[in-house]
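Visitor: Could you walk me through this model, piece by piece? I'll jump between topics as they occur to me.

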Amino acid sequence: MSTKSRLEAQALRAHHGPHEVLKGIDIALPAGSFTVIVGPNACGKSTLLRSLAQLHPSSGGSVLLDGHPIAHYRPRDRARLLAVLPQGAEAPEGIIVANLVARGRHPHRSLFQPWTAADQSAMEAAMEAAGVSQLAERTLESLSGGQRQKVWIAMALAQGADILLLDEPTTFLDLSHQIDVLELCSALNCAGKTIVAVLHDLNQAARYASRLVVMRAGEILAQGLPEDLLTPGFIDEVFHVPCIVIADPLTGKPLIVPKRAALAN
Amino acid sequence: MKGLTAQSGTIMNGAMSRPALCHLGLWLGGLALVLTSLTLGTVRLTPVQVFHALAGHESPALQLLVEWRLPRIGAALAAGAALGLSGALFQTLLRNPLGSPDIIGFDAGAFGGAFLALLAGLAPALVALAAFGGGLGAGLMVYLAAGGLRADRARLILIGIAVGAAFSALGDWMIFVAPLDIALVAANWKQGALAGVDIRRLANGAGMLGPLLPLGLACARSVQALELGDDKAQSLGVPAASTRLRLGLIGLGLTATATFIAGPIGFVALIAPQAARKLTGSAGLPLSASALFGAVFLLASDAVARIALAPRALPVGAVTACLGGAYLIWLFGSWVRRREPLR
C-alpha cells in the first residue's frame with residue numbers, strides 16, 4: 001500500500017447556516033486505503049464527506065486532490081478522479097439498471113460524442129464488479145434496497161474514478177444487504193480503489209476499515225487503525241456507552257460488546 | 001445490450017429503437033397535419049389543390065389562400081415546440097409534473113410584459129424582449145417568495161399558481177383600461193389565438209426560437225444528470241446551481257417566445273413532456289420528443305378549434321384547456337390510485 005495521499009483536507013471548516021459543523025479538520029486519505037468515518041449523530045461526519053466531495057461549501061481551509069487544490073479542477077476532470085454516492089440520490093421513474101449505470105459515463109462524454117465501445121465496456125465492467133450484471137434489464141423500482149445500492153455503486157464505478165466517497169451506504173438496509181454492500185466495498189478496495197465511507201455501526205467499521213476516523217462535535221478526536229483506537233475507555237468517552245472490547249473470533253478485529261445499564265456498575 | 005438502444009437512440013439489430021420510431025411518427029404526423037390544416041377553412045381545398053398551390057401551379061387566388069394559411073400553421077408549430085421544450089425543462093427542474101411554466105404563471109408574466117410594451121407602442125422585437133422580461137419577473141417573484149435558494153419545490157409551485165393568477169388578473173385589468181384598438185388586439189392575444197398571427201410577428205418569434213431551440217435541446221445531457229438529484233449531478237461534474245440557472249433562463253426564453261407568438265396558451269407545456277415520455281418509453285422527460293409533440297399537439301388543437309364549431313372558430317387555448325383539464329383529472333386520479341401524496 002502506497003502512503004501517498006490522494007485526498008487531503010487542511011484546517012477545513014464548514015457551516016450549516018450560522019452553526020459551525022466542521023471546526024478545522026485535518027485529514028489525509030492514503031491511496032488504496034478504506035477509511036471509515038464514525039461518530040455520534042450530528043458530529044459532522046456527513047458534512048466532512050460532502051465537503052471533501054465539494055457537495056458542501058467550505059468556509060475555510062482547503063481540500064487537496066492528488067496534491068492540488070480541488071477547486072482548481074474542472075468539474076468533469078474532478079469527476080473522473082472522484083465519485084460520490086450521496087444520500088438520497090434520485091432516479092427517474094421506470095429507468096432500467098443498464099441505463100442508470102450508463103449515466104455514470106457522463107464525465108467521459110460530450111454533447112456530440114456518441115456512445116463508444118469504451119463507454120460500453122466500462123459500463124459492463126462496472127456492473128460486473130458490483131455484481132449487478134444479471135439485473136441490467138430490470139427497472140430500479142423492482143429491486144431491493146441492497147440491490148439498488150449496488151447499482152448506484154456500479155454507476156459510480158462506471159465513472160472510472162479511483163476514489164469513492166460513500167455517505168452512509170448501509171443506512172436503511174437489512175443486515176444481509178449491509179454485509180453485501182460492505183463486502184463489495186472491501187472487494188473494490190482490494191482491487192485498488194481508495195474508499196471513504198461514513199458508517200454508523202462501530203463493529204462493521206472495525207471489521208472493514210483499514211483506517212478509522214472518529215469525530216465528535218465537528219472535530220476529529222482520533223484516527224488510525226481500528227484495533228489501536230477502539231478501547232472501552234475511548235468508546236465510553238465518545239459515545240457514552242460502557243462496553244467491553246473483545247477480539248472478533250473470525251477476524252481478530254475489535255468487537256464491541258455494550259454493557260447493559262443494570263450491569264454497568 | 002438491449003437497454004442501451006434507448007440510451008443512444010441508434011438503430012440496432014436491423015430494427016429501429018422505440019424513441020427513433022416515435023420521432024419518425026411525430027414528424028410524419030406533423031407533416032400530414034400541416035397539409036390537412038392547409039385544406040381547412042371557409043374555403044375547403046383538396047390535398048391535391050394544396051400540393052399544386054405549394055408547387056405554384058394553382059390559380060393565383062388559391063395560391064394566395066394557401067400563403068395566408070401558412071403563417072398560422074408556422075405559428076402553431078413554433079409556439080408548440082417552444083412550449084413542449086420549456087415544459088420538459090421546468091418539469092425536470094422542479095421534479096414535478098405540475099411544475100410547468102403555464103401552471104406556475106410564467107406565461108402570464110410574459111404576457112403582462114408583452115402587453116405593457118404593446119401599450120407603450122414599442123416595436124415587435126422590443127415586445128418580444130418585454131415578454132421575456134415579464135416571464136423573468138414572474139419567475140423571480142415565484143423564486144424569491146418561495147424562499148430563494150432553500151425553496152421547497154412544492155411550495156414553489158403553489159406560489160407560482162398564485163403569481164400566475166395575479167398576472168392573469170393584471171392582464172385582464174390592463175385590457176379593460178387600455179385604448180380600444182390595443183385592447184381588442186390584446187384580448188384576442190390573451191385567449192391564445194393563432195388567428196391573429198401575422199408574418200412579422202412570426203418572423204420575430206422564429207428569430208428568438210432559432211437560437212433558443214438548439215440551446216434548449218443541448219441541455220439534454222445536463223437534464224439527465226440533474227434528474228439524479230443535485231448531489232449526484234455535482235459528483236458527475238455538472239455544477240448543479242449554474243446548470244439550474246441556465247435551464248431556467250432557456251425555459252423562460254422559450255415560454256416568452258411562445259407567448260409572444262401565440263399568447264399564453266395553457267396546458268401544452270404541461271401535457272407534451274409527459275405524453276412524449278409515455279410514447280418514447282424513456283425514463284425522465286425526453287427533450288426533443290417533447291418539443292415535437294408540443295408542435296404537433298398545438299397544430300392538432302388549432303385544427304380542432306377551427307372545425308369543431310365551424311363556421312365559428314374557437315381560440316386554440318380553449319381546446320388545449322379542455323384537453324388539459326381532462327389530463328389533470330387523470331394525473332390526480334393516478335396519484336390517488338397509487339396512494340401518493342399530492343405533491
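Visitor: Which residues make the nonpolar surface patch of about 550 Å²?
Guide: In this predicted model, the patch is made by B:L136, B:L140, B:Y143, B:L144, B:L245 and B:L249. The elements that give two or more residues to the patch are α6 (124–145) and α12 (240–262) of chain B, and α6(B) has the largest share, with four residues. A patch here takes residues with over 30% relative accessible area and no salt bridge, joining like charges within 9 Å and nonpolar side chains (Val, Leu, Ile, Met, Phe, Trp, Tyr) within 5 Å; the areas come from the Shrake-Rupley method with a 1.4 Å probe, and for residues only the protein chains shown count as cover. Helices (H or I, at least four residues) and strands (E, at least two) are DSSP runs, numbered from the N terminus.

Visitor: And what ground rules apply to the rest?
Guide: Residues are numbered from 1 along each chain as its sequence is written, and chains are lettered from A and ligands numbered from 1 in the order in which they are written. Because the model is predicted, local features need pLDDT of at least 70 and side-chain atom pairs count only at pLDDT 80 or more, while totals for chains, interfaces and linings use all residues, and side-chain values use heavy atoms, with hydrogens and water left out.

Visitor: Back to B:L245, is that one buried or exposed?
Guide: B:L245, which sits in helix α12 of chain B, counts as exposed because its relative accessibility is 57%; buried means under 20% relative accessible area, exposed over 50%, and partly exposed in between (1.4 Å probe, protein chains only).

Visitor: Switching to chain A, what are its domains?
Guide: Chain A is divided into domain 1 (5–229) and domain 2 (230–265), with bounds from an automatic or database domain assignment. Between these two domains of chain A, about 1400 Å² is buried, and carbon and sulfur atoms give 62% of that area. Of what domain 1 of chain A buries against domain 2 of chain A, A:L202, A:N203 and A:R207 supply 37%, more than any other three residues. Buried area is the accessible area (1.4 Å probe) that two parts lose on being put together, summed over both.

Visitor: How many salt bridges are counted between those two domains of chain A?
Guide: The count is one salt bridge, and A:R207 forms a salt bridge with A:D248 in which the closest N and O atoms are 3.2 Å apart. The rule asks for a side-chain nitrogen of Lys or Arg within 4 Å of a carboxyl oxygen of Asp or Glu.

Visitor: What about the interface of chain B and chain A, how much area is buried there?
Guide: Chain B and chain A bury about 2800 Å² between them, 54% of it on carbon and sulfur atoms, and the contact (heavy atoms within 4.5 Å) takes 27 residues from chain B and 41 residues from chain A. Three salt bridges are found across the interface, and A:R50 forms a salt bridge with B:D231, with the closest N and O atoms 2.5 Å apart.

Visitor: Which residues are linked with B:D230 in a network of salt bridges?
Guide: The network links A:E90, B:R95, B:D230 and B:R244. Within it, B:R244 and B:D230 form a salt bridge whose closest N and O atoms are 3.1 Å apart; B:R244 lies in helix α12 of chain B and B:D230 in helix α11 (residues 230–235) of chain B, so the pair ties together parts that are 14 residues apart in sequence.
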